[in-house]
Amino acid sequence: TAVHYSDKFQGRKTASGEIFDQNQLTAAHKKIPYGTRVKVTNLENDRSVIVKINDRMARKNSNVIDLTRHAATELGFVKQGKARVNLEVVD
């Protein structure tokens, strides 16, 4: 499952040291290294987007990836809040 970040993180530093921006195509993952590009595909509508991993998720988070609002918009699930996705490392 993928979700998108809350707006409360806008402008804060990510775990990689970058500043979080909802308008970018970035994401958080538990293990994929920072800077890795990942193709995320929404399994409900087959829409895909490539994001860069620049943050970490909490260990207790049961989702597979957290995306920016921009990425969630591209994937077509902002209103639903979450989506079933497939991840593919493209680097």
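**Close-up views of a predicted model**

**View 1. The loop that holds Lys-79.** Lys-79 is located in the loop between helix H1 and strand S6 (82–83); helices (H or I, at least four residues) and strands (E, at least two) are DSSP runs, numbered from the N terminus. Lys-79 counts as exposed because its relative accessibility is 84%, where exposed means over 50% relative accessible area, buried under 20% and partly exposed in between (1.4 Å probe, protein chains only). A distance of 13 Å separates the C-alpha atoms of Lys-79 and Thr-68, which are 11 residues apart along the chain. The model is predicted: local features need pLDDT of at least 70, side-chain atom pairs count only at pLDDT 80 or more, and totals for chains, interfaces and linings use all residues. Residues are numbered from 1 along each chain as its sequence is written, and side-chain values use heavy atoms, with hydrogens and water left out.

**View 2. Confidence along the protein chain.** The mean pLDDT (the predictor's confidence in each residue, from 0 to 100) of the protein chain is 92, and 100% of its residues reach 70 or more. Confidence is lowest in strand S1 (residues 2–4), with a mean of 90, and highest in S3, at 98.

**View 3. The open sheet.** Seven strands form an open sheet of mixed pairing in the order S6-S1-S5-S2-S4-S3-S7; two strands pair if DSSP finds at least two bridges between them. S6 and S7 are the edge strands, each pairing on one side only. Strand S2 (residues 26–28) pairs with S5 in the antiparallel sense over 2 bridges, and Ala-28 has Asp-66 as its bridge partner in S5.

**View 4. Strand S3 and its two partners.** S3 (residues 37–42) pairs antiparallel with S4 (residues 48–55) over 5 bridges, and Ser-48 of S4 is the bridge partner of Thr-41. In this hairpin, with 5 residues between the strands, Asp-46 adopts a positive phi near 65°. S3 is also joined by 5 bridges to S7 (residues 85–89), running antiparallel; there, Val-38 has Val-89 as its bridge partner.

**View 5. The largest nonpolar core.** Val-40, Val-51, Ile-65, Leu-67 and Phe-77 touch the most other members of this 16-residue core, a set of buried Ala, Val, Leu, Ile, Met, Phe, Trp, Tyr and Cys residues joined through side-chain atoms within 4.5 Å. S3, S4, strand S5 (65–67) and helix H1 (69–75) each supply at least two residues of the core. Beyond its neighbours within four places in sequence, Ile-65 is in contact (heavy atoms within 4.5 Å) with residues including Val-3, Ala-28, Val-40, Val-51 and Leu-87.
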